[in-house]
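Subject: Structure for your review

Dear colleague,

Please find the structure below, followed by an account of what was found in it. I would be grateful if you read the two side by side.

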Amino acid sequence: MYEDNWKKLLSQSCTTVSELSEYITLNREEQEWFDTVETGLSLLVNPYFAELAGTSEAIRRQCVPRAAELLRTEVESDDPLAEDANSPLPRMVHRYKNRVAVLVTDHCAMHCRHCFRRSFTGQGRKPLSRQERDEICFYLKEHTEVKEVLLTGGDLLTLSDGPLLELLKAFRDVREDLLLRLATRIPSSLPQRITPYLVQELGKLGPVWVITQFNHPHELTRESRGALNLLRKGGLPVMNQTVLLKGINDREDVLAELFQSLLVQGVKPYYLFQGDLAAGTSHFRTNLERGWEIMKNLRREISGLAMPVYAVDLPGGGGKIPLSESYLVEKKEAGFCFQNPEGHSFIYPDE
Ligand code: SF4
């Protein structure tokens, strides 16, 4: 019954304006995107999230495209983290010495309008093939410096239990010491997918950590709390990454409520991400000074346990750094100049 429920929801996803109109009456700016767009990240919203979008502006902005997405600024890119240059295999990114990211599928339960991997997501690619998987397994056998595999995409939990568990088992079989990190938006975007059977099977493959993405307290519904509860009871550690999104969650009271509520659900707020420079996402980015101010104010409001690390993935493949001021070298005309842990300098623009 559980299995059928999430698959049915996924198969009923809205991909056209008329399907979306059953849940939302589009405003002018949203309609303009549909009238103009030819390429880019398509519309995809499953009925669960579409219903939520009908009740919350913060949810709606995350899943309904607007004309602002048509703007591509000079500093934006289709590959803002330079993942292509750091991919020794077609579906594997090896940017950091001790971990790799595997792009399992380009399919998601919804298309987040702020997605930084939007040139990969929803492009109709096939899931990781057996041959691609075997090549990655071979790489992991050779590269024992790799200690963690981040399984991402897209969202790997859109795969059915059979192929999903087969894939995870292959990684587990190749190295018992590997930490498997599942990066998934499913607990917030389609919580019905988190079934007792899935949790039970994931628990057998440990160590498996689940990294979720909740961006607003309105995503913490009865269903998503139920999913988080299942994961916690199944013994799977869960951490959350939030993207700082202008007009959605760039307020101290909203973030304080989100982080505190996640903690109560047994989920550790892990990162608060500054927006990446993905093409068509400038309307979502809050400037760094406002981000620092929010963090400073939050620290006064919530406990250290509820505080995530404010971080940015430096443009051009500089990697992730915590946005503490000790990494800031100077402010130049082109933007903020940072030095990453390897001593290289990167500019994050002051928009
Ligand atoms: S679920 Fe993740 S990969 Fe998919 S659209 Fe959202 S942010 Fe992008």
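By class, the shell around the ligand holds 3 nonpolar, 4 polar and 3 charged residues. Here Ala, Val, Leu, Ile, Met, Phe, Trp, Tyr, Cys and Pro count as nonpolar, Asp, Glu, Lys and Arg as charged, and the others, Gly among them, as polar. The residues around the ligand are Cys108, His111, Cys112, Cys115, Arg117, Thr121, Gly153, Gly154, Asp155 and Arg185. A residue is near a molecule if its C-beta atom, placed from the backbone, lies within 6 Å of it.

Please note that this is a predicted model: local features need pLDDT of at least 70, side-chain atom pairs count only at pLDDT 80 or more, and totals for chains, interfaces and linings use all residues. Residues are numbered from 1 along each chain as its sequence is written.

The sheets come next. Strands (E, at least two residues) and helices (H or I, at least four residues) are DSSP runs numbered from the N terminus, and two strands pair if DSSP finds at least two bridges between them.

Of the 7 residues of strand S2 (residues 99-105), 6 are buried, so the strand is largely enclosed by the rest of the structure. A residue is buried if 20 or more other C-beta atoms lie within 10 Å of its own, exposed if 12 or fewer, and partly exposed in between, with C-beta atoms placed from the backbone. Further along, strand S6 (residues 238-243) and strand S7 (residues 268-273) run parallel and are joined by 5 bridges; asparagine 240 has proline 269 in S7 as its bridge partner.

Proline 315 is found in the loop between strand S8 (309-314) and S9. Proline 315 has 19 other C-beta atoms within 10 Å and is therefore partly exposed.

A second open sheet has 3 strands in the order S10-S11-S12, with antiparallel pairing. Its edge strands are S10 (328-332) and S12 (345-348), each of which pairs on one side only. Strand S11 (residues 335-339) pairs with S12 over 4 bridges, and phenylalanine 338 has phenylalanine 346 in S12 as its bridge partner.

Which residues of helix H10 are buried? They are Ser224, Ala227, Leu228 and Leu231. Seen down the axis of H10, these buried residues fall within an arc of 95° (the arc of the directions from the helix axis to the C-beta atoms), so they line one face of the helix. On the other side of H10, Arg222 and Lys233 are exposed.

Yours sincerely
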